Amino acid sequence: MKILVLSDGMGQSDARGIEIISETLNKLSRRGIKITLVTTLDHFRDPMLFNEWKNRQERDGLKIEVIDLSWLTKKNRYLALWLSKLLTSIKAMQIVVSQKPDIVHEYSSSPFLFLRTFLVSLFGNTKRVHTIITYNNKFLSQSFWAIFGNLLNKIIVPSQNYAQNYSQFLNAGKIEVISQGVDMNRFAAAKANRKLFNIPIGKKIILFLGPPEKGKGLFLLLESALKILTRNPNSYFLFVFHRKLYEREYERALEKIKETFYNHKKAFKVIQSLI
């Protein structure tokens with residue numbers, strides 16, 4: 001099987017779900033599925049980090065086509081954003097014609113791009129799949145754009161809320177809910193989980209789950225932690241980070257957490273992601 005994957009901004013240092021996408025593509029590639037990824041460098045801040053990521057993917061057999069507009073982003077971010085979508089689309093169409101993939105699968109945060117998935121797939125006899133990977137409340141991400149989803153074979157969304165909103169505009173049979181790394185039928189703050197991670201019974205858990213970065217609100221939470229503990233001594237802070245993809249950020253975050261809880265060492269725990 002051959003799959004063409006489109007995803008604008010896969011090289012971003014601020015993630016936007018790229019860890020979920022990249023690990024999925026790696027696993028499929030190791031199973032012998034031929035994957036070509038078309039992506040952009042339009043928002044990238046750290047070229048060395050992107051090269052590390054790209055080399056790791058290619059070692060697993062992925063073929064990666066990169067549209068590099070990082071130079072333009074510094075001059076005109078919005079022009080780079082729209083131009084990247086155009087160039088990515090053209091490159092994807094060329095690949096559909098030359099490689100004839102079985103599936104065109106696009107990852108984005110906007111149902112407006114359902115239309116692009118359809119237009120790209122027209123150049124070959126392919127199945128059309130689109131995954132909404134992150135929340136976005138901008139105009140091109142409003143639910144009514146989901147009407148373009150009727151042109152596709154399958155729409156994958158991260159929550160039941162998305163499914164309900166999109167079902168107003170497209171055939172509900174096309175929608176599949178796949179939660180992002182969380183099995184909603186199993187997830188619970190159960191006693192067994194507290195025992196597994198040695199978290200005291202009865203504590204009120206404040207959970208941070210995500211990349212250990214400033215932009216995700218981690219350091220804002222840490223600034224508030226001591227005030228929270230003063231008002232609610234029964235609070236317990238649980239930090240779950242993905243270390244492998246964010247080694248440098250992880251070390252900085254860990255240092256800041258230890259500094260924050262210097263006099264409250266039993267009020268927090270740091271766990272590396274199990275995913």
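I started at L6, and its bridge partner in β4 is E106. Strands here are DSSP E runs of at least two residues and helices are H or I runs of at least four, numbered from the N terminus. I reminded myself that this is a predicted model, where local features need pLDDT of at least 70, side-chain atom pairs count only at pLDDT 80 or more, and totals for chains, interfaces and linings use all residues. Residues are numbered from 1 along each chain as its sequence is written, and side-chain values use heavy atoms, with hydrogens and water left out.

**Around β4**

I looked up the neighbours next. Strand β1 (residues 2-7) runs parallel to β4, with four bridges joining them. For pairing, DSSP has to find at least two bridges between two strands. Strand β5 (residues 127-132) is also parallel to β4, joined by six bridges. I found S108 opposite I132 in β5. From β4 the chain goes through helix α5 (residues 114-121) to β5, and the β-α-β crossover is right-handed. That means a clockwise path from the first strand over the helix to the second, with the strands pointing away from the viewer.

How many of the six residues of β4 are buried? Six of the six in residues 103-108 are, so the strand is largely enclosed by the rest of the structure. My cut-offs are under 20% relative accessible area for buried, over 50% for exposed and partly exposed in between, with a 1.4 Å probe and protein chains only. I noted I103, H105 and Y107 pointing one way, with V104, E106 and S108 pointing the other.

**Salt bridges**

I counted three salt bridges, taking a side-chain nitrogen of Lys or Arg within 4 Å of a carboxyl oxygen of Asp or Glu.

Back to E106: its side chain meets that of R116 in a salt bridge, 2.3 Å from N to O. R116 is in helix α5 and E106 in strand β4, so the pair ties together parts 10 residues apart in sequence. Both R116 and E106 are buried.

K63 pairs with E65, their closest N and O atoms being 4.0 Å apart. I get 42% relative accessibility for K63, so K63 counts as partly exposed. E65 comes out at 22% and is partly exposed too.

Last, I checked K256 and E259, which meet at 3.8 Å, N to O. Both lie in helix α9 (residues 247-260), three residues apart, about one turn of the helix. K256 is partly exposed at 30%, while E259 counts as exposed at 53%.
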